[in-house]
Amino acid sequence: MNSKLITLNDFILNRQKDFPYASGELSSLLSDISLAAKIVNREVNKAGLVDILGATGNSNVQNEEVQKLDIYANNEFISALSVSGLCCGIASEENDEFISINKPGATYIVTMDPLDGSSNIDVNVSIGTIFSIYRKVSIGDSCTMEDFLQKGTEQVAAGYVLYGSSTMMVYSTGNGVNGFTLDPSIGTFCLSHPDIKIPKESKTYSVNQGNFIKFPEGVKQYIKYCQENDKPTNRPYGLRYIGSMVADLHRNLLKGGLFMYPSTEAAPKGKLRLLYECNPMAYIVEQAGGKATDGNGNRILELQPTELHQRTPVFLGADFMVKDVESFIKKYSSVEAV
Ligand code: AHG
Ligand code: MN
Ligand code: MN
């Protein structure tokens, strides 16, 4: 192997030395997640070849059509986390209730979206996995709802895996964000994007603009602002929207930009889920020097969860872009209230 290559496992172990009193459990958990990601990646890559494509015909708790790869990914991550001995509970997008794992002494819980962007599976467009790790806070051996309803500020690590033109794992333990690309020839994630920071020169916005008519007035006005000609501020901004949060977020992290999933009248809390979509992504974005709010001045990481599958409007990306859209929302909310 090239001596300059830093593998994910080497990196995790090296970082472990930064925390002399840590037990190494978090490092192990991250390694287990990366192993499950490689297994899911194998299936994602051959999805067009085997009978794993297509809908199962079932709906999940949120009445969305469940794809076979959703189930496959869910099972793989659950089994990797279950055998680890370090995780005593999992909340997944695909499970109505949290899953309790009988591992006395296990001190972590995980929330996850095992397959994000599932509407893109059938058309060979990038999809992902999102995860968050928290410390168990309840007393006793088994986990309780209290463990899962912690604010995003309590995350000890969060990250995502992008199954794209190459496969990447990007994560943070609260000390910056690092990205690792899977080298398929050796089956190893290698450090490819050290210390990711959102570029200051951001000029991309990402939103499902087909919903324009349903957005709050402030969001509509901000979108119009993005489309105006103004050289000093680099406008008009480009619009990029894949429809997989992981892929959209990843692009904006590297190239700069703003990702929005606003509320609508019919869906006042938006679409995306706080525990396993917004919180982990907000953690990554903040660690990369960006900002993540609900559009009304509330930091995503400080929202108090009250249920597992809670949704929230979300605006995340370059600091100045989040501030700009928030000021439009504020300005026009008083007009709407009249
Ligand atoms: P999931 O596949 O886990 O249900 O998530 C899909 C999410 C997210 O990835 C994406 O940003 C968003 O749904 C796209 O929604 P629209 O199709 O409404 O734009
Ligand atoms: Mn998702
Ligand atoms: Mn999903």
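Reader: How many salt bridges are counted between domain 1 and domain 2?

Author: This is a predicted model. Between domain 1 and domain 2, the number of salt bridges comes to 1.

Reader: How many residue pairs are in polar contact between domain 1 and domain 2?

Author: The count takes pairs in which both residues have pLDDT 80 or more. On that basis, the number of residue pairs in polar contact between the two domains is 17.

Reader: Which element supplies the largest share of the side of domain 1 that touches domain 2?

Author: Several elements each give at least two residues to this side, among them strand 3 (87–92), strand 5 (108–116) and helix 4 (145–148). Strand 6 (127–135) also belongs to that group. With 7 residues, the largest share is that of strand 6.

Reader: How many residues of the side of domain 1 that touches domain 2 are charged?

Author: By class, this side has 22 nonpolar and 21 polar residues. The charged residues number 7.

Reader: What area do domain 1 and domain 2 bury between them?

Author: Domain 1 spans 3–193 and domain 2 spans 204–337. In their contact, 50 residues of domain 1 meet 31 residues of domain 2. Carbon and sulfur atoms carry 62% of the buried area, which is about 3000 Å².

Notes:
Residues are numbered from 1 along each chain as its sequence is written. Chains are lettered from A and ligands numbered from 1 in the order in which they are written. This is a predicted model: local features need pLDDT of at least 70, side-chain atom pairs count only at pLDDT 80 or more; totals for chains, interfaces and linings use all residues. Side-chain values use heavy atoms; hydrogens and water are left out. Domain bounds come from an automatic or database domain assignment. Contact means heavy atoms within 4.5 Å. Buried area is the accessible area (1.4 Å probe) that two parts lose on being put together, summed over both. A salt bridge is a side-chain nitrogen of Lys or Arg within 4 Å of a carboxyl oxygen of Asp or Glu. A polar contact is a pair of N or O atoms within 3.5 Å; within protein, one must be able to donate a hydrogen and the other to accept it, and residues adjacent in sequence count only if both atoms are side-chain atoms. Helices (H or I, at least four residues) and strands (E, at least two) are DSSP runs, numbered from the N terminus. Ala, Val, Leu, Ile, Met, Phe, Trp, Tyr, Cys and Pro count as nonpolar, Asp, Glu, Lys and Arg as charged, and the others, Gly among them, as polar.
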